[in-house]
Amino acid sequence: MIADEYVEIFDTTLRDGEQTPGVSLTPLEKLEIARQLDRLGVDAIEAGFPVASQGELEAVKLIVREGLNSEVYGLARVNKNDIDAVISSGASNIHLFIATSDIHLKYKLKLSREQVLEKAVGGVEYAKAHGLKVEFSAEDATRSDIEYLKKVYKSVVDAGADRINVPDTVGVMTPAKISQIINEVKSVVNVPISVHCHNDFGLAVANSLAAVEAGARRVHVTVNGLGERAGNAALEEVVMALHSLYGRKTKINTRLIYETSKLVSQSTGVIIQPNKAIVGENAFAHESGIHTHGVLSMPLTYEPIEPEIVGRKRLIQAGKHAGTHGIMAKLQDMGFHPTEEQLKEITAKVKELGDKGKTVTDTDLAAIARSIIRRGGEEKVIELVDLAVMTGFKVVPTASVKLLLEGKEYVAAETGVGPVDAAVKAIQKVTDSLANIRLKEYRLEAITGGSDALAEVIVKVEDRSGNVMSARSAGEDIVIASVEAMINGINEILRKRKDARSQLNQNV
Ligand code: KIV
Ligand code: ZN
């Protein structure tokens with residue numbers, strides 16, 4: 001193995017990836033993905049299985065006509081009909097296959113080893129006679145008798161195959177076993193070897209990497225690890241591990257990995273699991289206080305690679321494990337600049353929501369921050385001491401509030417069409433006589449989903465002189481959030497009046 005040799009990436013998203021149960025792409029969708037794979041820099045694109053359907057043939061034709069930099073392959077079994085379909089697609093590269101394991105020979109092909117060998121050689125000769133570049137796969141190679149497998153590979157190479165591929169068709173390899181097979185095969189062929197690993201035991205990427213270490217020059221992969229059953233080795237994982245852990249190069253422009261993954265996910269409808277390596281939503285997200293603190297001081301503490309390398313951004317998540325450092329960084333990003341006290345209060349609120357099992361989205365965090373920053377740090381002229389509401393099917397909604405104004409407690413009770421209405425009216429009853437302030441506008445917005453959704457209440461309050469102030473509050477209890485918003489608004493007006501008075505006194 002020459003360590004600085006490029007490892008070639010053979011992308012089979014459009015063939016094996018499309019064999020993911022429930023996935024079917026139109027020729028135009030395939031074309032769009034092929035263009036993106038070409039931009040990404042894959043060496044080869046397996047565009048489809050032309051004999052399978054008219055649409056498949058059409059897709060391969062379209063992709064061939066694009067004149068991409070990547071080589072375009074069509075898949076075929078080793079029979080004339082399949083090979084002719086690839087020829088008619090215009091592709092100049094063919095991926096030819098026939099199974100070589102006794103299980104497949106006995107139960108699927110119903111052929112002897114000699115017959116399979118003959119067909120394999122015949123197929124390669126026919127394809128070569130038509131000017132195609134041939135990559136030959138012994139399907140189920142890893143469960144085939146090793147001496148027979150070597151005989152097949154040697155024979156197809158003698159017949160003109162340009163490359164041979166070792167498929168771990170049902171994903172039963174371990175890194176040590178696949179290395180051994182690659183070494184065995186290497187001893188009988190002098191053409192480049194590819195490896196094609198399935199992920200039935202979650203080892204597709206590890207096995208592909210082990211095969212490369214053992215001398216495989218090309219790796220078959222799919223974007224997002226799509227493919228039959230548990231899928232194929234994921235392009236993004238193989239490439240990033242080769243670059244970052246094995247010191248090997250590929251021609252992939254890694255900065256396009258994330259957008260490619262998104263495109264494939266959107267076109268195929270296969271959602272990427274959040275904790276998927278490299279492209280999952282959480283792959284560069286940090287929530288715990290310890291981690292966010294570390295990452296914010298030095299990304300290397302908890303990030304093995306920079307997110308930008310794969311076209312991503314770091315995400316600091318607000319949640320119950322969050323610490324003030326992370327929340328502060330996030331708030332500053334959003335344009336908030338809380339004081340230390342406000343930050344503590346915001347963090348406490350985020351944790352409280354997290355403890356209740358809620359995910360705190362950016363919108364939630366912004367609502368919490370707005371409500372705390374608006375009222376915080378400033379003198380509270382009026383304060384809520386107590387609130388009680390009563391409501392029910394046959395009960396008239398009633399609320400009583402106790403407010404503290406200039407050191408004196410005021411109590412009022414009111415009824416309303418609902419508990420919010422009753423509570424707001426009760427506050428107004430106190431403040432209307434003392435400060436002539438009324439509620440002018442009221443808006444309620446549910447931010448998070450569910451019956452325990454975080455709600456944001458935005459109010460406009462007005463005094464007799466026509467001063468209008470808006471205020472807001474957020475919380476899971478609509479009544480409390482409404483009362484807090486109302487009181488925040490009243491405080492805003494009272495502070496404004498106070499400021500105006502002291503201004504007047506200074507001027508006198
Ligand atoms: O997994 C497999 O064996 C295949 C063959 C067509 C190479 O996809
Ligand atoms: Zn496969």
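Visitor: What relative accessible area does A348 have, and how does that class it?

Guide: A348 has a relative accessible area of 44%, so it is classed as partly exposed. The classes go like this: buried is under 20% relative accessible area, exposed is over 50%, and partly exposed is in between, with a 1.4 Å probe and protein chains only. A348 sits in helix α13, residues 340-355. Helices here are DSSP runs of H or I with at least four residues, strands are runs of E with at least two, and both are numbered from the N terminus. From A348 to H104, 244 residues apart along the chain, the C-alpha atoms are separated by 61 Å.

Before going on, a word on the ground rules. This is a predicted model, in which local features need pLDDT of at least 70 and side-chain atom pairs count only at pLDDT 80 or more, while totals for chains, interfaces and linings use all residues. Residues are numbered from 1 along each chain as its sequence is written, chains are lettered from A and ligands numbered from 1 in the order in which they are written, and side-chain values use heavy atoms, with hydrogens and water left out.

Now zoom out. The protein chain holds 16 helices and 16 strands. Its radius of gyration is 33 Å, well over the 23 Å that the globule rule gives for 508 residues, so the chain is more spread out than a compact globule. (That radius is taken over C-alpha atoms, and the rule is 2.2 Å times the number of residues to the power 0.38.) Along the principal axes, the C-alpha trace spans about 105 × 50 × 40 Å. Even so, buried residues make up 51% of the 508 in the chain. Take contacts, meaning heavy atoms within 4.5 Å: among those between residues at least 6 apart in sequence, 64% join residues at least 24 apart.

Next, the inside. A nonpolar core here is a set of buried Ala, Val, Leu, Ile, Met, Phe, Trp, Tyr and Cys residues joined through side-chain atoms within 4.5 Å. The largest one has 88 residues, and I94, L96, F136, Y153, I164 and I257 touch the most other members. Helix α8, residues 204-214, gives the most to this core, with seven residues. Another core lies apart from it, with 25 residues, including V401, V424, I437 and M469. As for I94, its contacts beyond four places in sequence include Y73, I83, L132 and V134.

Among the buried ones are A204, N207, L209 and V212. They pack against β6 (163-168), α7 (175-186), β7 (193-197), β8 (218-221) and α9 (235-244). Just after α8, G215 takes a positive phi of about 125 degrees.

T169 counts as buried, at 13% relative accessibility. Leaving aside neighbours within four places in sequence, T169 is in contact with E139, D140, T142, H198 and R229. Its C-alpha atom and that of L384, 215 residues apart along the chain, are separated by 69 Å.

D140, one of those contacts of T169, is in the loop between β5 (133-139) and α6 (146-158). At 0% relative accessibility, D140 is buried. Most residues other than glycine have a negative phi. D140, though not a glycine, has a positive phi of about 60 degrees. I278 is another non-glycine with a positive phi, about 65 degrees; its place is the loop between α10 (257-268) and β9 (285-286). I278 is buried too, at 14% relative accessibility.

For contrast, look at K313, in the loop between α11 (289-297) and β10 (315-316). K313 counts as exposed, at 68% relative accessibility. Not counting residues up to four places away in sequence, K313 touches F284, P307 and E308. K313 and R248 are 65 residues apart in sequence and 24 Å apart in space, C-alpha to C-alpha.
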